[in-house]
Amino acid sequence: MKKILLAVASTVLACGIGVAAVGCGSNGDISVYNREDGSGTRDAFLELLGIESDELNTGVAQLSSTSAVIQGVAGDEKAIGYVSLGSVDTTVKALSVDGVTPTEETVADGSYKVSRPFELMYDETTLAENDLLSEFIEYLKSAEAQTIIAEEGYVSVVENAPAYTVPEADLSVTEIEASGSTSVGPLMTKLAEDFSAKVKDATGQEVQVTVSGGGSGQGIADANAGNTEIGMASKEVVDGEDVTNEDVTIYQLCADGIAVIVNNANPATNITLDNLKKVYTDKSLNWIDIGVEFPEEE
Amino acid sequence: MQKNPENTETAGGVESFAKVNVRGTVKEISMKVLFAVAAALFVLAVLTICIYLLVDAIPTIGEIGFVKFFTDDRWLIRSERFGIGSLVVGTALSTVGALVVGVPIGLMTATFMAFYCPKWLYKIIKPLTNILAGIPSIVYGFFGLTVIVPISRELLGGGGLNLLTTSFVLGIMILPTIISISENSLRAVPKPFYEGAVALGATKERAIFRTMFPAASSGVLTAIILGMGRAIGETAAITLICGNIDQIPGSLADPFITLASAIASGMGYASTTNLERPALIAVAAVLLIIILLITTVVMLLKKKKY
């Protein structure tokens with residue numbers, strides 16, 4: 001019994017060490033951190049970089065929270081990771097991308113590349129007839145909505161937003177629907193809940209903003225055809241090109257910026273979008289391959 | 001059993017309840033029903049879990065495709081890639097790793113506790129193993145993340161979330177199971193076995209390893225297999241330290257994923273409207289089947305004496 005156990009144990013150990021010795025060296029020295037499959041941040045990051053999920057360099061870890069990624073990158077000199085802009089703290093360093101520093105301003109105006117606008121589309125004629133829709137749009141432009149947008153980690157694009165004034169009388173419409181991008185969906189749901197609660201507090205009326213998915217393309221199509229009151233898209237929507245219905249107005253709800261973070265000991269301050277894409281698709285890449293030279297130890 | 005009317009209340013054997021006075025009979029019947037209900041509830045719970053998982057899982061696996069489910073090399077539920085190969089291999093490797101770490105330490109500790117340990121020290125070590133068993137697994141995960149991961153990062157480079165780290169932490173986690181069960185079975189071997197061996201001229205070590213261990217072999221094996229069961233099903237700690245990468249680790253320094261951690265990390269987002277959540281349930285069913293097999297092996301081993 002003992003001999004068998006010993007034999008099995010030592011064989012496994014020997015194999016393990018052998019594999020460990022051989023296995024090392026095939027991978028580059030960049031510790032790539034990802035979020036887990038299904039995370040909104042990951043989806044956005046991959047979409048912005050144009051990476052398919054099966055060509056992604058899964059790297060050294062797929063962590064299930066923003067704080068875990070920050071903690072991982074903070075403790076790993078050769079690390080690179082990504083988190084939403086609002087959650088970057090001093091334990092890690094956010095890189096500029098193509099020379100543009102990620103700030104609320106550069107995200108809001110779109111000059112920072114790893115960002116995307118959250119666009120809403122609604123029909124002006126519907127807006128005039130539908131008092132719930134016009135009330136909701138007014139709410140979305142208010143200071144209260146901007147607070148929620150910031151709390152959820154997105155960048156508000158409305159300056160000096162006015163406080164929201166609740167309706168005094170009951171609204172004639174009690175239900176509207178927003179459809180489209182599943183990235184905008186969770187934020188929209190939060191906003192809709194807060195809006196409904198505010199209306200209920202003021203007038204006692206139950207109103208509902210239903211949020212459904214389908215993707216940005218669906219959101220644009222729904223807005224054009226008037227299938228739903230609000231179309232949602234998580235990419236830039238071009239009037240006259242994407243939006244073919246002349247009555248449809250495009251309103252930017254907010255912007256979503258993703259910061260590329262590295263360890264504080266990393267000498268890099270900038271990364272090009274091309275190199276970023278390479279890092280996240282090519283396992284064998286080293287920091288030196290993208291021009292980052294770590295100071296010699298000792 | 002002898003029927004003794006005066007002694008029914010205390011010796012109250014289940015077999016003798018019919019003979020006694022009415023008060024005792026009612027009391028005993030009602031208790032008997034209560035116990036039966038409790039047992040039935042428990043059996044029902046086990047059956048419900050098994051049947052629910054299997055009934056849900058089989059059509060899902062059929063829909064994914066049996067071959068694809070077991071041979072696709074990626075586990076990307078968002079892209080409808082449901083290959084559990086890397087999950088199964090990851091689970092197997094981390095379990096083997098845990099055994100490599102845990103079994104030698106556990107068996108040696110059990111030997112020490114059963115044969116060498118002075119009484120005063122035993123009074124300290126024994127509660128310690130119980131404490132080790134009682135620590136919630138997420139705490140082991142944090143311990144791994146804050147203590148073992150940085151060390152592993154120093155040693156092997158990379159992120160530190162890898163097979164080595166996980167094996168080490170899991171090895172510690174299965175220690176209490178291995179120690180207490182194998183110690184008990186070593187103690188259960190009748191003293192004359194040991195005395196006989198020594199009387200025949202064996203040294204203490206020889207008596208222990210050549211006589212006591214073979215005599216207690218089924219108990220020791222049970223200990224190892226139960227430890228293995230714990231390692232296979234462990235979730236909270238592993239999810240924190242394995243890295244959750246759907247690849248077959250090429251070295252001890254590589255991150256990987258297990259069946260349990262894939263379920264835990266996928267559940268937060270999995271949509272019920274497509275195959276995402278059903279696929280996770282199918283993985284749970286695979287995990288359940290593996291654990292059932294292990295339990296069966298333990299039951300077969302238990303038929304032996306020590």
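Helices (H or I, at least four residues) and strands (E, at least two) are DSSP runs, numbered from the N terminus. The model is predicted: local features need pLDDT of at least 70, side-chain atom pairs count only at pLDDT 80 or more, and totals for chains, interfaces and linings use all residues. Residues are numbered from 1 along each chain as its sequence is written, and chains are lettered from A and ligands numbered from 1 in the order in which they are written.

Chain B is assigned domain 1 (5-64) and domain 2 (69-302); such bounds come from an automatic or database domain assignment. Over C-alpha atoms, the centres of domain 1 and domain 2 of chain B are 32 Å apart. Their contact involves 9 residues of domain 1 of chain B and 10 residues of domain 2 of chain B. Two residues are in contact if their C-beta atoms, placed from the backbone, lie within 7 Å. On the domain 1 side, the residues comprise 6 nonpolar, 1 polar and 2 charged. Here Ala, Val, Leu, Ile, Met, Phe, Trp, Tyr, Cys and Pro count as nonpolar, Asp, Glu, Lys and Arg as charged, and the others, Gly among them, as polar.

Helix H6 (residues 137-156) of chain B spans only 25 Å between its end C-alpha atoms, whereas a straight helix of 20 residues would span 28 Å at 1.5 Å a residue. The expected span is 1.5 Å times one less than the number of residues. H6(B) has a kink of about 40° at B:Ile148, shortly before the proline B:Pro150. The bend at a residue is the angle between axes fitted to the seven residues ending there and the seven starting there. B:Ile148 is also among the buried residues of H6(B), which include B:Tyr140, B:Gly144 and B:Leu156. A residue is buried if 20 or more other C-beta atoms lie within 10 Å of its own, exposed if 12 or fewer, and partly exposed in between, with C-beta atoms placed from the backbone. The cover over these buried residues includes helix H7 (163-188) and H11 of chain B. Just after H6(B), B:Gly157 takes a positive phi of about 75°.

B:Glu80 has phi near 55° and lies in the loop between strand S1 (75-76) and strand S2 (81-82) of chain B. B:Glu80 counts as partly exposed because it has 13 C-beta neighbours inside 10 Å. B:Asn244 likewise has phi near 55°. B:Asn244 sits in the loop between helix H11 (236-241) and helix H12 (259-267) of chain B. B:Asn244 is buried, with 29 other C-beta atoms within 10 Å.
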